[in-house]
Amino acid sequence: MALKSFDIDAPRWDQTTFMGRLKHFFNITDWRTALLPDSRLDEAKALVESCRAGSIPPGTTEEQLHYAKKLYDSAFHPDTGDRMNLIGRMSFQVPGGMAITGAMLQFYRTVPAVVFWQWVNQSFNALVNYTNRNAASPITPKQIGIAYFTATSTALATAVGLNLYTKKAPPLVARWVPFAAVAAANCVNIPMMRQQEILNGIAVTDENGNKLGHSTKAAVKGITQVVISRITMAAPGMIILPIIMQRLEKYHFMQRITYLHGPIQVMLVGGFLIFMVPAACSMFPQRCSMAVSKLEPELRDSIKSRYGDSVQQVYFNKGL
């Protein structure tokens, strides 16, 4: 039976609940979508846009529309509709993150190795943060450079400082240094990369999508939630895996295959990230809300004067 109409933007799962968001992000962070060619992604975008325009190609099934929307959400920016670079997509977080995190956890003993892999990680993070920013707030190349330099410097200072400090500490403590560096850098990298939103505010709308103005308080709330999500994403793999490896390395068979420790850690990190990427993205709603009473006085008064008490909440894209 041919589909005559279909609301392709209607959520398949309840976005007001954690489980609903978890199903959604399991769907769009599927690492297999990162393997598809651009031509296939463009076909999915064309089908989504055709459906939005009310023109569904004959013979198209509901399942095909859902899959097209999955590819569209995984590869195209929600604000601009532009195709995102491959490395910056959330669907690339599992393959990219498992390789880099596994290397950081394996090569933590020497300062040169720590410096190199923290630099690689922050370069990766900077690209992810830029790709998933709120695109309604443009950022200049100079600001990108400053954000990248600041975050990388923070990560290196934390990692090298703690690496030297933990020389006499128990071995397990030294294994946790990469996580401390990643957490510290995330607290700098994300706000710096999205500084325009903090300085000039983020676009806020009513529940129907009508633009109401720009709010710096909304930007701070959204960016704070993203920082918490990113640290949570990395935490289980970078905290629990060192404990596992510490115990495994005591066994004789593991001591005979030291050359496989790196690949083993990469695969185990991948196991954590397959679950943690969607789980961390699901912690807070993508369409964030904030009470009008908590906005800046000028914006709050402007909304009150135009809409009275009919608008109690504002909404905005917090980014990922």
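Reply: In this predicted model, the largest pocket holds about 1400 Å³ of space. Its lining counts 44 residues. Closest to the pocket centre are His24, Lys69, Asp73, Pro78 and Gln286.

Several elements build this lining. At least two residues each come from α1 (18-28), α3 (62-75), β1 (202-205) and β4 (313-317). The top contributor is α3, with six residues. By class, the pocket lining splits into 18 nonpolar, 16 polar and ten charged residues.

The domains come next. The assignment divides the chain into domain 1 (18-83) and domain 2 (90-317). Each of the two gives at least three residues to the lining of the largest pocket. The C-alpha centres of domain 1 and domain 2 are 25 Å apart. Contact between them involves 16 residues of domain 1 and 23 residues of domain 2.

The largest cavity has about 230 Å³ of space. It is lined by 16 residues, and Gln93, Thr101, Asn125, Met233 and Ala234 are the closest to its centre. Helices supply this lining: α4 (93-106), α5 (111-131), α8 (177-193), α10 (216-248) and α12 (261-281) each give at least two residues. The largest share is that of α10, at five residues. Eight of the lining residues are nonpolar, seven are polar and one is charged.

The second largest cavity has a volume of about 60 Å³. Among its lining residues are Met104, Phe107, Tyr108, Trp117, Asn163 and Pro178. Two or more residues each come from α5, α6 (141-165) and α8. Here α5 has the largest share, with four residues. Nine residues of this lining are nonpolar, two are polar and none is charged.

Gln195 counts as buried because its relative accessibility is 17%, and the cut-off for buried is under 20%. Leaving aside residues up to four places away in sequence, Gln195 touches Ile139 and Gln143. Its side chain also reaches the backbone oxygen of Met192, at 2.8 Å. Ala219 lies 24 residues from Gln195 along the chain, and their C-alpha atoms are 9.3 Å apart.

Note on methods. Residues are numbered from 1 along each chain as its sequence is written. This is a predicted model: local features need pLDDT of at least 70, side-chain atom pairs count only at pLDDT 80 or more; totals for chains, interfaces and linings use all residues. Side-chain values use heavy atoms; hydrogens and water are left out. On a 1 Å grid over the protein atoms alone, a cavity is a set of points where a 1.4 Å probe fits but cannot get out, and a pocket is an open set with protein on both sides within 12 Å along at least five of seven lines; lining residues have an atom within 4 Å of a point. Grid points are joined across faces, edges and corners, and a volume is the space filled by probe spheres set on the points. Ala, Val, Leu, Ile, Met, Phe, Trp, Tyr, Cys and Pro count as nonpolar, Asp, Glu, Lys and Arg as charged, and the others, Gly among them, as polar. Domain bounds come from an automatic or database domain assignment. Buried means under 20% relative accessible area, exposed over 50%, partly exposed in between (1.4 Å probe, protein chains only). Contact means heavy atoms within 4.5 Å. A polar contact is a pair of N or O atoms within 3.5 Å; within protein, one must be able to donate a hydrogen and the other to accept it, and residues adjacent in sequence count only if both atoms are side-chain atoms.
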